[in-house]
Structures are given as C-alpha cells and as structure tokens.
Amino acid sequence: MLKKLIRLNADDLLLCGGVVGGVFLLLHIITAIAVRFSGEGSSLLLSGVLLPITAGILILFVSAAHVAVTFDQALRFGRTRLHALGLTLGVTGFLSLFSMGLAALLAVLERFFAPRFWLWLSAREYIVMDDIPPIPVIGWSSGEAALRAKQLFIEDFALAWWWFPLIALGCMAFGIIIGAMLQRFGGKSLWIFWAAWLLVCFAPQLLPWKQYTIVDWLFPLLGLFLLAALLWSIWSLLHAVVKN
C-alpha cells in the first residue's frame, strides 16, 4: 500500500527534486558567470548551506500537506487511524529522505567537480582553498601580484554532516505538528501559529534570563516544545474525527 501511495504522489518527488536541483543549477550559473567575468580570482562553495535549508523548507511543507490531506483521505477510504498515520509518515519520510539525500549528493558533487570547472573558467593555474586574502591588497610586490594572478581562491561554506539529518527530522516533525493542527482545528490553527511566532520573537526580551546566552536556554526550550507538540500531534491524529 505504501508503494502504491508513493507512486500516486510521484509529482511530489518531481517537485522536491526540481526545486533542489533548480536552486543548485541557478547557484552554479550565477557563480560561473561571476568567476568567468569578474576577474577577482575567487569563488564560494555554497551548496552545503543553501541546499539543506532548501530541502528542509520543502520537507516542512510536504509533511504538513500530507498530514493534513493524505491522512484524512486514508480515513475516508476506510483505513484505521493507526494505518493511515503509518502510511502518511511513510510517504513523508520517503520524500524527506529523497529531498535531503539529493541535497547532500549535490553538495558532494559540487565539492569534487566545481572547483576544477571554475579553475578552467577563470584561466588560473591552481586552486587555493579556504585562504582568500583581503581584496584589494595594498603593497603587493610584482612577484606577489604575478603569483596571485595564477591562483583561484575558493572558500568552503558547508554545514557539518550531522546537520543534514537533523534539519530533515526537525522540519518533518514541525510539518507533522502543523498538519495535525490543521487537521484538528482547521483555519483557527493559524492564530496558534501566530501566537507561537510572537512568543519566540519577544520572549528573549521579556524573560529575566539575561545572564544566560540564547544557546543556553532558547534552543533547549524550543527542543522541548517541539517534542511536546509532536507527541500531542501523534495523539491527536490517533484520535482524529473522520470528517465528511
């Protein structure tokens, strides 16, 4: 049944792959033009940051949509709540794995192939990684200037590997929470999202915890809140009312 449901939602695979691949392609078109015509002799590896964030946003929206729509459809077709939830989580998990896996694959391909391609475009002789000097540099000798003209400086901006599964799981959990609230409360849940957003924005200024940094208390608090909201979402879906 899960395989059939994944095939029925093949357009979601095309959407996720198209968006992640499109961001990757657009990024490299812009970078290639800059390397070829700017003459600065430097470039940036950015896919390791932009692609997991893009995939995470996709996972959030896809997860929320499947929980709010696919779960209800499975109930209407006579599936039990547990079975419907399992099918929904299976589809969202597969789409999450595909989206973040594609982001990781493209980030690895960029690291291995893009620097050599940029070296050819820039007509430089060799690559220097993560050591971009300040530009402009005043006081270069003629020898230093000639050496600089042969070098292509590349700086690598990339998240550590463990961020990829963490972003995927976090966005999937957040999407499940949003979908469960929409399934139970409908449009009224937008007010809850708005109140939660205001709380996150203004709590650091209102609470008397200034002796601690934001990492000390806000991130653990958000993690606990996300876990509690996820548990409530699972409970809510397992006790969902079948809508006409």
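1. Contact means heavy atoms within 4.5 Å. By that rule, V20 touches L51, A55, L58, S99, L102, A103 and L106, leaving aside residues up to four places away in sequence.

2. A note on the model. This is a predicted model, where local features need pLDDT of at least 70, side-chain atom pairs count only at pLDDT 80 or more, and totals for chains, interfaces and linings use all residues. Residues are numbered from 1 along each chain as its sequence is written, and side-chain values use heavy atoms, without hydrogens and water.

3. Next, the main core. A nonpolar core is a set of buried Ala, Val, Leu, Ile, Met, Phe, Trp, Tyr and Cys residues joined through side-chain atoms within 4.5 Å. Buried means under 20% relative accessible area, exposed over 50%, and partly exposed in between (1.4 Å probe, protein chains only). The largest core has 36 residues, and V20, F71 and M100 touch the most other members. Helices (H or I, at least four residues) and strands (E, at least two) are DSSP runs, numbered from the N terminus. At least two core residues come from each of α1 (2–8), α2 (10–38), α3 (47–76), α4 and α6 (163–185). The largest share, 11 residues, is from α3.

4. A second, separate core has nine residues, including L119, L121, L152 and I154.

5. Now the charged pair. A salt bridge is a side-chain nitrogen of Lys or Arg within 4 Å of a carboxyl oxygen of Asp or Glu. The count is one. D156 and R111 form a salt bridge at 2.5 Å, N to O. D156 lies in strand β3 (residues 151–156) and R111 in helix α4 (residues 81–122), so the pair ties together parts 45 residues apart in sequence. D156 is partly exposed at 21% relative accessibility. R111 is partly exposed too, at 42%.
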